[in-house]
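Reader: Hi, I have a structure open and I'm new to this. Can you walk me through some of it?
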Amino acid sequence: MVTRKSKEQIALMRRAGKVVAEMHEECLRASKPGATTADVDRVARDVIARRGARSNFLGYHGFPAVVCTSPNHVIVHGIPSDDVVLAEGDILSIDCGAIIEGWHADAAITVPIGEIDDPSRRLIEVTRASLEAAIEQIVEGNRLGDVGAAVEGLAEGAGFTVVREYVGHGIGTAMHEDPQVPNYGPSGRGMKLKEGHVFAIEPMVNAGGPETQLLDDGWTVVTRDGKRSAHFEHTIAVTDHGPEVLTVP
């Protein structure tokens, strides 16, 4: 069942979104050569504690951290570790979530570690732009397929591929609600967007092929060909004045 949120409920999600945005700011500062992905998780935990929020990642089906840290060829769900040391030239996707008074927000960024090469920079830029293109489609009267078509058109038009096994989702009193929101597909299809719908839109874009592989830890998803991947995500509400991104400062 796809739920519609009231203005008061969206206001609570906006508060959770501000916590997520602060987590990203602190994680970005911590993501430098020589740091570990566990260091990144620790600063995110500090934000959660300081803001009186709860983590929607920690303990989710047993996940052991408050952020997912996914370097280079890791697409999503990388587990923070003291054994994963960031190096100059890496890229790192950081997925964060928070709960305020039972309402969730969820967002991801991909950041450079020190100086990165031009292909990696372009991958990040195109993935971010594909999310921005998707956000423009989140207006009342559009169809859900318009969102995925915007991501696919921009990313594949730039020579990249879109991950198909993992998709965006509705969000509210649970981190994952109906409907699923693919990052591909034809426009003009799917449910009609209405005021009060809230979605977590999250393009995952690969430099090589779209194929994925799940590692033995049961969480970490990597590109099958070992090429790099980028991931951006925001929580966005359909409002009477257009799309509102809730996961911003």
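Reader: What joins the side chains of Arg 121 and Asp 118?
Author: A salt bridge, 2.7 Å from N to O. The term means a side-chain nitrogen of Lys or Arg within 4 Å of a carboxyl oxygen of Asp or Glu.

Reader: Is Asp 118 buried or exposed?
Author: Asp 118 is exposed, with a relative accessible area of 56%. Arg 121 is partly exposed at 29%. Buried means under 20% relative accessible area, exposed over 50%, and partly exposed in between (1.4 Å probe, protein chains only).

Reader: Where do these numbers come from?
Author: This is a predicted model: local features need pLDDT of at least 70, side-chain atom pairs count only at pLDDT 80 or more, and totals for chains, interfaces and linings use all residues. Residues are numbered from 1 along each chain as its sequence is written, and side-chain values use heavy atoms, leaving out hydrogens and water.

Reader: How many salt bridges does the structure hold?
Author: It holds 12. One of them links Glu 26 and Arg 29, with the closest N and O atoms 2.8 Å apart. Both residues lie in helix α1 (residues 7–30). Arg 29 is exposed at 54%, while Glu 26 is partly exposed at 24%.

Reader: New topic. Which side chain of opposite charge is nearest to Asp 90?
Author: Arg 228, at 4.1 Å. Asp 90 is buried yet has no salt bridge. For charge, Lys and Arg count as positive, Asp and Glu as negative, and His and the chain ends are not counted.

Reader: What does the side chain of Asp 90 contact, then?
Author: The side chain of Asn 72, through a polar contact of 3.0 Å. That is a pair of N or O atoms within 3.5 Å; within protein, one must be able to donate a hydrogen and the other to accept it, and residues adjacent in sequence count only if both atoms are side-chain atoms. The backbone nitrogen of Ala 87 also lies 2.8 Å from a polar atom of the Asp 90 side chain.

Reader: Last one. Which residues does a cis peptide bond join?
Author: Asp 178 and Pro 179, with omega about 0°. Pro 179 is in strand β7 (residues 177–181).

Technical notes:
Helix = DSSP H or I, 4+ residues; strand = E, 2+ residues; numbered from the N terminus.
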